[in-house]
Each structure stands twice: as C-alpha cells, then as structure tokens.
Amino acid sequence: MPDHPAARPAPCPICGRPASPRRVGARSPSPFCSDRCRQVDLGRWLTGAYALPLEEPPAPVAEEGGEGEKGG
Ligand SMILES: [Zn+2]
C-alpha cells in the first residue's frame, strides 16, 4: 500500500497518537494531536522537565585509617 513517510503526520510527542494535520479550529499547525497535549508540553517547559539534570560529581571519598595518634 502507498505509505509515504511525508503523507502520514508525525505522532504526537506527548501521547504518541497520530496528530491530525487538519483540525477544526486549529489556529496554527502543531505537532500535537490536541490542544491539551500542547498545554502538557508547555507545562513541562515551565516545570523544567526538559531541563537537563545536573549531574553532580561524586564527592571525594575521604580515606579512613592511616593516621592514628598513639600514646595517651
Ligand atoms: Zn497528543
């Protein structure tokens, strides 16, 4: 069957459903299937879900043992 990669719309990045290229009342073409998913994506940005997690370097492990005060 004629399955053109450009013919089929890209799936919604939020829910994965095939976003409808033509929607009634669609103001602007968006990769989201619905306005709700668009809000979800926006919320992720606001909450910083897209922000890369800062990986803190491993703290230097203090070597124990070795020094010991004698006497006393
Ligand atoms: Zn969606």
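Helices (H or I, at least four residues) and strands (E, at least two) are taken as DSSP runs, numbered from the N terminus, and the expected span of a helix is 1.5 Å times one less than its number of residues. The structure is a predicted model, in which local features need pLDDT of at least 70 and side-chain atom pairs count only at pLDDT 80 or more, whereas totals for chains, interfaces and linings use all residues. Residues are numbered from 1 along each chain as its sequence is written.

The protein chain contains one helix and zero strands. Helix H1, residues 35–47, comprises 13 residues and spans 18 Å from its first C-alpha to its last, close to the 18 Å expected at 1.5 Å a residue. The helix is followed by Gly 48, which has a positive phi near 80°.

Burial was assigned from C-beta atoms placed from the backbone, a residue being buried if 20 or more others lie within 10 Å of its own, exposed if 12 or fewer, and partly exposed in between.

Arg 36, which lies in the helix, counts as exposed because it has 11 C-beta neighbours inside 10 Å; its C-alpha is 9.6 Å from that of Ile 14, 22 residues away in sequence. Val 40, also found in H1, counts as partly exposed because it has 16 C-beta neighbours inside 10 Å, and its C-alpha lies 9.9 Å from that of Cys 15, at a sequence separation of 25 residues.
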